[in-house]
Amino acid sequence: MLPIPTAPATAASEAAPRGQTLLRRAQAPPWVSFLESGRVVLGVMAGDVMEHQLGVLEGPCWLEASFAVLGLLPAVDAVADTDVVLRRVPVAEFQHILAGLTGPARAVLDDVARAHRQQTELAVSRLAKDAEARCAEWLLQHAEPLAQGGMTVHLQERKRSIAAQLGIAPETLSRVLRHLRERSLISGSGRSLNLLDLTGLRTLAGI
């Protein structure tokens, strides 16, 4: 997206361990980060936990730099999913580099950054439908009838993969399933879940 293939040579490399928060939504960072290596999860955090996952970045790439292009605050949180190596460029220096672009090139850059920002904000807004509602909807969509009556869901994918589809952390998915069991909406564990209350699940899902 950006015309700078790597961070300026003046930006020193920094290592960050897995689990470190690299960017906070709606908080102005003093720098723009170039991810040299490693993997970063983007999403919305609740406290210190990535509650809703929106995507994953793998270096080398810029880490959510559209906020600096547009002069806005970051729209997502970012957490290191592995040990990472970063180069941090002060926001003012980054914007000074961009100021050297010609008119048409800068216009294209701004348009791409603006489109990316709008997509990110839309994704974040969709998280207003809480994790339990999205999980209930997913269960209903993947339900299969049992020979003896009732409905079941066979978890053919790892919970991490299902959580990524729902835009939540695996820990959040486990917590949601526990809450649904406690409310007698589902039963079972392991690879099979029985849907006990289809009406209750549909009400929760809003469908």
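Axes here are lines fitted to C-alpha atoms, for helices over the stretch in contact, and angles run from 0 to 180 degrees between N-to-C directions. Helices (H or I, at least four residues) and strands (E, at least two) are DSSP runs, numbered from the N terminus. The model is predicted: local features need pLDDT of at least 70, side-chain atom pairs count only at pLDDT 80 or more, and totals for chains, interfaces and linings use all residues. Residues are numbered from 1 along each chain as its sequence is written, and side-chain values use heavy atoms, without hydrogens or water.

**Figure 1. Helix 4 against helix 6.** The axes of helix 4 and helix 6 (residues 170-182) come within 10 Å. They cross at roughly 75°. The two helices are therefore roughly perpendicular (65 to 115 degrees). Cys-135 is buried (under 20% relative accessible area; 1.4 Å probe, protein chains only), with a value of 2%.

**Figure 2. Helix 4 against helix 7.** Helix 4 packs on helix 7 (residues 198-205) at about 130°, with the axes 7 Å apart. The contact is made by Glu-132, Ala-133, Ala-136, Glu-137 and Leu-140 of helix 4. Helix 7 contributes Leu-198, Leu-201, Arg-202, Leu-204 and Ala-205.

Figure 3. Four strands are ordered 9-10-12-11, with antiparallel pairing. Strands pair if DSSP finds at least two bridges between them. Strand 9 (144-145) and strand 11 (186-187) are at the edges; each has a single partner strand, so one side of each lacks a neighbour in the sheet. Strand 10 (residues 151-154) and strand 12 (residues 192-195) are joined by 4 bridges. One of the bridge pairs is Met-151 with Leu-195 of strand 12.

**Figure 4. Helix 4 across the strands.** Helix 4 (residues 131-141) lies across strand 10, strand 11 and strand 12. Its angle to strand 12 is about 95°.

**Figure 5. Cys-61 and the protein as a whole.** Cys-61 counts as buried, at 18% relative accessibility. The structure holds 0 disulfides (pairs of cysteine sulfur atoms within 2.5 Å). Of the 207 residues, 41% count as buried. The secondary structure comes to 7 helices and 12 strands. The C-alpha trace spans about 70 × 35 × 25 Å along its principal axes.

Terms used: Buried means under 20% relative accessible area, exposed over 50%, partly exposed in between (1.4 Å probe, protein chains only). Contact means heavy atoms within 4.5 Å. Angles under 35 degrees count as roughly parallel, over 145 as roughly antiparallel, 65 to 115 as roughly perpendicular and the rest as oblique.
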